[in-house]
Amino acid sequence: MDKNLNTSNKRKLNCSDESKCFELLESILDGEETTASKEILDEKLAKCQPCFEHYHLEKVIREVLKNKCTKHMVPAELADTIRQKIQEIK
Amino acid sequence: MSEVQRKKYSDKEKNSIFDHEFMPHIDSMYNFAYRLTFDEDDAKDLVQDTYLKAYRFINSFEQGTNAKAWLFRILKNSFINEYRKKSKQPSKVDYQEVETYYNSDNVDYSMTSDLRVDAVKDMLGDEISNALNSLAVDFRTVIILCDLEGFTYEEMAKILDIPIGTVRSRLHRARNLLKDKLRSYAENMGYDTDEE
């Protein structure tokens, strides 16, 4: 997809239906839009600069959230404490 | 997720469900709890309470259905109840404000951001985490559920007791708020956030 970055001059600079397009793009990224085909997405990204930029920004936001957000280690004794409490209420 | 269907599990079945369907989610549960409370002890208590409730109400859980979503729903409800109890100012006012002001399902998606992809890519985990943690709890929650835990809109709607349309709009707003935060970090890092 990134190879398209160099061809941005071929894309239209204004999106005629930004609100609807962006909503669709976000649904696709969230895995919610299954009816829109890959061709529709590819065409949008190839022809429309605002859609292209929005898609890639939204995509990278999701990626950094998923991959970079600090994970907090579960305290080692927590699972044992829970099991113990369960035994008590049984 | 349904609380209507009641099962009658034997002790052996209960233990098996608890060990094989509930306990494997303890990492995700703790992370969620920590991001809600920002405190290790509160997060531990919240996870523990959630598991005790899950065991107590195990007959409302239908084996083979989405245990993670079921547990997250209990955790989120426990948090709301506990949070309301602890806080001297009832959170109701804030919550209503959020409900009426932020939750209309008609969102203008056309707002563009001048935040740059490369700037986001270069950010450290701590910066991303801090930006997420700075969001109001309702917005933070939808991002955690969707992006960190991978729940679908439908699962999120059930966990949060809100319509799918509200999930969608709240998520969109949450990510916009996050982008605002990241943009200010990017500016501090010396990235040019203006359009070229």
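Q: How many residues of domain 1 of chain B are in contact with domain 2 of chain B?
A: This is a predicted model. Two residues count as in contact if their C-beta atoms, placed from the backbone, lie within 7 Å. By that rule, ten residues of domain 1 touch ten residues of domain 2 in chain B. The domain assignment puts domain 1 at 11-86 and domain 2 at 92-188.

Q: Which helices of chain B each supply at least two residues of the side of domain 1 that touches domain 2?
A: They are helix H2 (26-37) and helix H4 (67-86) of chain B. By class, this side of domain 1 has five nonpolar, two polar and three charged residues.

Q: How many helices and how many strands does chain B have?
A: Chain B has ten helices and zero strands.

Q: What percentage of the residues in chain B are buried?
A: A residue is buried if 20 or more other C-beta atoms lie within 10 Å of its own. Of the 196 residues in chain B, 35% are buried.

Q: How many residues does the contact take from chain A and from chain B?
A: The size of an interface is often given as the accessible area lost when the parts come together. Here the description is by residues: 31 from chain A and 37 from chain B.

Q: Which elements give two or more residues to the side of chain A that touches chain B?
A: Helix H1 (18-29), helix H3 (49-68) and helix H4 (78-89) of chain A do. The largest share, eleven residues, comes from H3(A). By class, this side of chain A has 15 nonpolar, six polar and ten charged residues.

Notes: Residues numbered from 1 in each chain as written. Chains lettered and ligands numbered in written order. Predicted model: local features only at pLDDT ≥ 70, side-chain atom pairs only at ≥ 80, totals over all residues. Domains from an automatic or database assignment. Helix = DSSP H or I, 4+ residues; strand = E, 2+ residues; numbered from the N terminus. Nonpolar A, V, L, I, M, F, W, Y, C, P; charged D, E, K, R; others polar. Buried ≥ 20, exposed ≤ 12 C-beta atoms within 10 Å, placed from the backbone.
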